[in-house]
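Trainee: Please take a close look at the pockets of this model. What lines them?

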Amino acid sequence: MSTVLEGVPQTRHSGSRDDGSHETIIRRTHGWRFLDLRELWAYRELIYFLTWRDVKVRYKQTVIGVAWAVLQPLAMMVVFTLLFGRLAKIPSGGVPYPLFVLAALLPWQLFSRSISESANSLVTNQQLVTRVYFPRICVPLTTTLAATVDFAIAAGLLGILMLVYRIAPTPAIVWLPAFVLLLLITALGVGFWLSALNIEYRDVMYTVPFLNQLWFFLTPVVYPDGLIPAQWRVLYGLNPMTGVVDGFRWALLGVGEGPSRMLAMSVLVAVFLFISGIIWFRKSERTFVDAIGSGGR
């Protein structure tokens, strides 16, 4: 078997030689290319390995392990309930404030962790990126997949709290998978942008915590979107996490108005971030190896 590398590795072509040996040629691509789903499927075992590695590393040498996935949103729920539910008397649409805020905290924490770890994922995995060929987009993808594990575990806490407060899911819960998909599209889109930008401009990793905090307060996690004046609601929907958070509350608790112009705007922005993030990532990955070696700009 022999392998021929031509330029920056982007695509693989395999075949048999005349002498019966196997040859793999990895060529540099030219022009515009979108996401290659067949290639991602071919590397599904690598995606699984990297995702499972991120999950294990996150809780390695911890006393309570994955229980942190429950304790973190639980602690934040308690603090926000005391500050905003009891002291500030923020309205919660007729449902208990702990449920109101937890239904928003779960998708927000998945998004927050995803973009925080995606931004530096390529730099963290630079030895793998610079030495072995594989679709580079797998790296930020696996950070989001790893975050969904915490999300799934913490969802059990929300189920228990709904039982405690004797609140049953509304028929609108059939829409919940659509809002989970919207959440993942948003997280992946922002993650693709930040991870590619961080390769060239290492300032990105320092701005992400500030971006996270600012985005949190621009998203109706601790307050209802009803506090936003009607003339600003469509503009407020430019934040795709607004549609995600409102969608989760509406599907699970019946709070909010459900599908609306604001939600439509959030969906459009999320799809734009996802598609443009893939395009930018695919365009930039040709220079990843050189940029990592030079330490960015």
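Mentor: Here is a walk through the pockets.

The model is predicted: local features need pLDDT of at least 70, side-chain atom pairs count only at pLDDT 80 or more, and totals for chains, interfaces and linings use all residues. Residues are numbered from 1 along each chain as its sequence is written, and side-chain values use heavy atoms, with hydrogens and water left out.

The largest pocket holds about 260 Å³ of space. A pocket is an open set of points on a 1 Å grid over the protein atoms alone, where a 1.4 Å probe fits, with protein on both sides within 12 Å along at least five of seven lines; lining residues have an atom within 4 Å of a point. Volume means the space filled by probe spheres set on the points, which are joined across faces, edges and corners.

Sixteen residues, written 16, line the largest pocket, and Arg58, Gln72, Gln109, Leu110 and Arg113 are the closest to its centre. Helices α3 (68–87), α4 (97–119) and α7 (138–164) each give two or more residues to this lining. Helices are DSSP runs (H or I, at least four residues), numbered from the N terminus. α4 supplies the largest share, 8 residues. The classes are 9 nonpolar, 3 polar and 4 charged. Asp, Glu, Lys and Arg count as charged; Ala, Val, Leu, Ile, Met, Phe, Trp, Tyr, Cys and Pro as nonpolar; the others, Gly among them, as polar.

The second largest pocket has a volume of about 220 Å³. Its lining includes Arg53, Asp54, Arg113 and Thr143. Here α2 gives the most, 4 residues. This lining has 1 nonpolar, 5 polar and 5 charged residues.
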